[in-house]
Amino acid sequence: IGLPYCSHESSAPKPPGPPDAPEPEDFVYGEDEFVLQGVAWPGAAPSRFDRALLGAWQDRMARGLFRYRLGELPTRVLPGAMGLVAQLNPQRATERRPPQAIRSLTQPFDPRQFNFTRIRPGEVLLRLRRRTGGDPPPLDRVLVAINVSPLERGHVLLLPEPALGLPQALTPQLLRFGLEAVLLSAQPGFRVGFNSLGASASVNHLHLHAFYLAHPLRVESAPAEPLLPERGLALLRDVPAPALLFYAAGADLRGLAEAVCGLAGGLAARGLAYNAFATRGAPPAGGAAAPGLRVLLWPRRPSFEPEPEAGAVPAAALCELAGYLPLPAAAAFRALSEAEALRALRRPLLPEPELRRLAAELLPPPGTAGRRPDT
């Protein structure tokens, strides 16, 4: 991913030993560690968070805790206006755990299915703890664990306490941790995302994905059309997959997480699935600067069919919708066109008029909630 390896006194590679030997680091942080300025391509020196995460991740790779060794992956940018980043990763398709059968948006957590209480202790890299005064919040930590079938170097999962048995429905507490992780990284290529049930989630146990990708994506700089400016909501249109966009310029992320999850909960209540993606990006008006956070939300019709076998077109999960296309087949990697990819990505999404209507109904302007349209 183009990041230099830097040692960190508590996360440097350890001598070979039993696979479950490494202890996760308690990574305690405060808002003073958020990197709010100077993050631009091709990236700066890694932050303390980057060093801890990547050092521990490389250590677990050396210990053989992944399903395959991840080398340099062939990568190309597809010709076209969208700048789609295609990457060949056949091992993920053949070695990953088969996705669980998902049958509804409200499917409860099932302890009999694979879940994150079953991961080996050595798979946990960090325990993220927010430094706070007074009583701890309801969710006072999250675990950072390797994805054993990684998309890229540094691909991890953010997990609330696994023993809680929470189903895969996004919560403000977990999303806030994810947004803060983006700000703790000094790398513009560190992103966080979420697949709901019915939208490519493969495990019904609450988790976020996070990964490093050393390529800018169009969703981070494309201008957006204001929808509900007073609620911080815009429509991102000229991107691979049109999305609802929230934006925050500073470090106060609780309100942003609550707004995103409020809208996501409203979608689920109407029988819709969704994907979410958080990244550093320009203000909604666009431009080259990247001073804040963009959170994209893609409402979609749910699908409960088994994932298709590896084919010639990309899936439509959080990475692909953002413009990053992991592909399992060499033929597709070499021949895929932008037009083919866009057709596949946009097929499950809602049309733009429906996006506008949902935004108006689920996030009405302040002071108008519950009012009749004719008053």
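**Legends to close-up views of a predicted model**

The accessible surface of the protein chain is about 15,900 Å², and carbon and sulfur atoms hold 55% of it (Shrake-Rupley method, 1.4 Å probe; for residues, only the protein chains shown count as cover). The model is predicted: local features need pLDDT of at least 70, side-chain atom pairs count only at pLDDT 80 or more, and totals for chains, interfaces and linings use all residues. Residues are numbered from 1 along each chain as its sequence is written, and side-chain values use heavy atoms, with hydrogens and water left out.

**View 1. The protein chain has eight helices and 14 strands.** Helices (H or I, at least four residues) and strands (E, at least two) are DSSP runs, numbered from the N terminus. Of its 375 residues, 53% are buried (under 20% relative accessible area, 1.4 Å probe, protein chains only; exposed is over 50%, partly exposed in between). Among contacts (heavy atoms within 4.5 Å) with a separation of 6 or more, 73% join residues 24 or more positions apart.

**View 2. Strand β12 spans residues 273-281.** Nine of its nine residues are buried, so β12 is largely enclosed by the rest of the structure. A273, N275, F277, T279 and G281 point one way, while Y274, A276, A278 and R280 point the other way.

**View 3. β12 pairs with β7 and with β13.** Two strands pair if DSSP finds at least two bridges between them. β7 (residues 190-195) and β12 are antiparallel over four bridges, with G193 opposite F277. With β13 (residues 292-300), β12 forms nine bridges, also in the antiparallel sense; here A273 stands opposite R300.

**View 4. T279 lies in strand β12.** T279 is buried, with a relative accessible area of 0%. Its side chain makes a polar contact of 2.6 Å with the side chain of E220 (a pair of N or O atoms within 3.5 Å; within protein, one must be able to donate a hydrogen and the other to accept it, and residues adjacent in sequence count only if both atoms are side-chain atoms). Beyond its neighbours within four places in sequence, T279 contacts V182, P188, R191, E220, G292, L293 and R294.

**View 5. Three strands form an open sheet in the order β2-β3-β14, with mixed pairing.** β2 (75-77) and β14 (324-327) are the edge strands, each with a single partner strand, so one side of each is left without a neighbour in the sheet. β2 and β3 (residues 85-88) pair in the antiparallel sense over three bridges, and Q87 in β3 is the bridge partner of T75.
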